[in-house]
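Visitor: I'd like to talk through how the parts of this structure meet. Could we take it one contact at a time?
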Amino acid sequence: MSEAAPHLVVRGVSKKYGPTTVLDHIDLTIRRGELVTLLGPSGCGKTTLLRAIAGLAQPDTGKVELAGRDVTHVPPHKRNVGVVFQSYALFPHLTVAGNIAFGLKVRGAARREIDAAVERALSLVKLGHLAGRRISALSGGQQQRVALARAIAVEPDVLLFDEALSALDRKLREEMQVELRRLLQDVKATAIFVTHDQDEALTMSDRVAVMNKGRIEQLAEPRELYLRPASLFALNFVGLSTRIAGTVLAAGNGKVEVETKVGRFSALGNFQAGSPVIVAARPEQLRIGEQSEANTAAGRVRSVVFQGSRTLVDVDAGAGESLLAELSGRDGKIPIVHDEIRLSWPVTETFAFPMEAQA
Amino acid sequence: MTEAALPAPLAAPSVDRERLAAIGFVLPSFVIIAGVFALPLVLLLGVSIVDANGLTLANYKRLLGTPYYLGVVWNSLRLGLLTTLIAFLISYPAAFALARARGPLRSVLLATLFLPLAASVIVKAFAWTILLRSDGIVNETLMALGIIEDPIRMIFTETALIVGAVNIFLPFMILPIYAIVAQLDSRYAEAAATLGASPLVTFVRVILPLTLPGIVAGVALVFSLSVSAYVVPTLLIGEKYPTLATAIAKAYLLAREPGFGAAAGVVLLAIAIAVVTLSARLSREPK
């Protein structure tokens, strides 16, 4: 990450629809050339935030600055943004080339300039041979590319993707994720993706903003988001985890001792003694047997799910709590259902979250 | 992709069966249209070009060669064009308002469109004569308000004719446009805006072309209805505004000139077909 000046700044943006708060004082700063994902469940406000940036929704309070300009009250057609919609919204009365040329035409660009830009955008998405086609004659994947080419052709200050890949089937979507990321990096685009798909978020972005109930719960690089979730919601929304409810016995130095129904655990966190908490760890941190500086718990294997490079083992620890371990092929013996096993995981990879924050 | 995956031997006969089924469904309406519509039209054409001495174009020469009858043709065209134009100007925004309306308001608005269709055109035309005559509601109100001192002559003017025709044929313009507008994805306008198109440019380059099929359907319906209207001009303007429709009636009922009436009918039909074909061509998709 370079120290480039902020390119897009969202400051204190709030939005209500009737009594419902959709955006609750959102702050977000994005650097030039950065790819950021707004990740969250439906209704978390991610699409509204995207629309506020595009100028399609007017925030009640707050400011939006784009490329050094305050655009809070600038209508969308004067913002120089590019939007790729979930439904693509390609103009059915125009050809592929006509769609891509639209933005430049309405900006009054010269004919020769338009033709060159259309050709460039088409070759970028590898659809040069389809320039004269009608939109209805294209497949979903092709329409997706045309929508991208149309948005890129006007060289917008920021590209906004509203669940743009979710209409594609899984295999095509995974291919597009990788290709799209490479393409956006090639043209040095600044882009924001809105998605509810954690894989898409982790694959495509330099940073991910996890959104919940109109707030950004955590804004972090994908790796940090996964390894150091800032809230129970972020932990739950990205990746799998083992979670056990308990009460803080003792606290100090950023660590807590937590009493649970299945044993006493050490975890990272700052709480007062007596606080109800959830103790959590990522499944790949759990190992069969003992390790030093580790929490341990025992139980009976409830299910074993083989997933190729990894095997997920669900263990019933009693008292309604369960442990989820992810074992790789190198971990030696994989247990079978009904085995009694003891699992351990490092204290430094164990987190405590406040109980009431559970989504 | 899916089509290619279909085994070819199975695909071919199923297409044939589909075509057979389609023909089967179309057949009854085809027979009816051929029997009660196409056949009489052919007879009509025959009557218009045949007289006691054999083939003749005299009826058409009289219709299209004399100033009086050219005026009649023009009256019909003028009624059709003005009614269609004004109905379109009212209907287009109305269709959008209707599509935006939600819940009970939409039901009420739709009902106000459909209910008048249940009343006979004669009833509606008479209602206009009651409203517009010298001691009618409009004049009485204007005088009571002190806006005018003497009643304005409204009934039996071209204004009354056009107002009545627009009112009576309006649903046939609003409904087809509404049907298209209601399905129009608001994302098209948003996409255009984010690409840099002002609201006006978005309207001209996106909304208008996308709603064209509805406009074409409405124009075709209202024009063909108003250009051939008989009751509306007869009741709202009368003798001084003869149209092709009233000329046809006169030729058959008073003058006993079926050949001439048939020729007027053929010309009227030709005008309607020309306008409908022309407007349909406008709405065709690009290649």
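Visitor: How much area do domain 1 of chain B and domain 2 of chain B bury between them?
Guide: Keeping in mind that this is a predicted model, domain 1 of chain B and domain 2 of chain B bury about 690 Å² between them, with 70% of that on carbon and sulfur atoms. On the domain 1 side, B:L44, B:S48 and B:T56 lose the most area to domain 2 of chain B, together 62% of what that side buries.

Visitor: Switching to the two chains: how many residues does each give to the contact?
Guide: Chain B gives 21 residues and chain A gives 26, and the two chains bury about 2,100 Å² between them, 66% of it on carbon and sulfur atoms. B:T194, B:L195 and B:R205 supply 32% of the area that chain B buries against chain A, more than any other three residues.

Visitor: Which side chains meet in a salt bridge there?
Guide: Those of B:E190 and A:R51 do, at 2.7 Å from N to O, and this interface has 1 salt bridge by the rule, along with 4 residue pairs in polar contact.

Visitor: Which element gives the most to chain B's side?
Guide: That is α9(B), with 7 residues, and the side of chain B that touches chain A divides into 12 nonpolar, 3 polar and 6 charged residues.

Definitions and conventions:
Residues numbered from 1 in each chain as written. Chains lettered and ligands numbered in written order. Predicted model: local features only at pLDDT ≥ 70, side-chain atom pairs only at ≥ 80, totals over all residues. Heavy atoms only, no water. Buried area = accessible area lost by both parts, 1.4 Å probe. Contact = heavy atoms within 4.5 Å. Salt bridge = Lys/Arg side-chain N within 4 Å of Asp/Glu carboxyl O. Polar contact = N/O pair within 3.5 Å; in protein donor to acceptor, adjacent residues only side chain to side chain. Helix = DSSP H or I, 4+ residues; strand = E, 2+ residues; numbered from the N terminus. Nonpolar A, V, L, I, M, F, W, Y, C, P; charged D, E, K, R; others polar.
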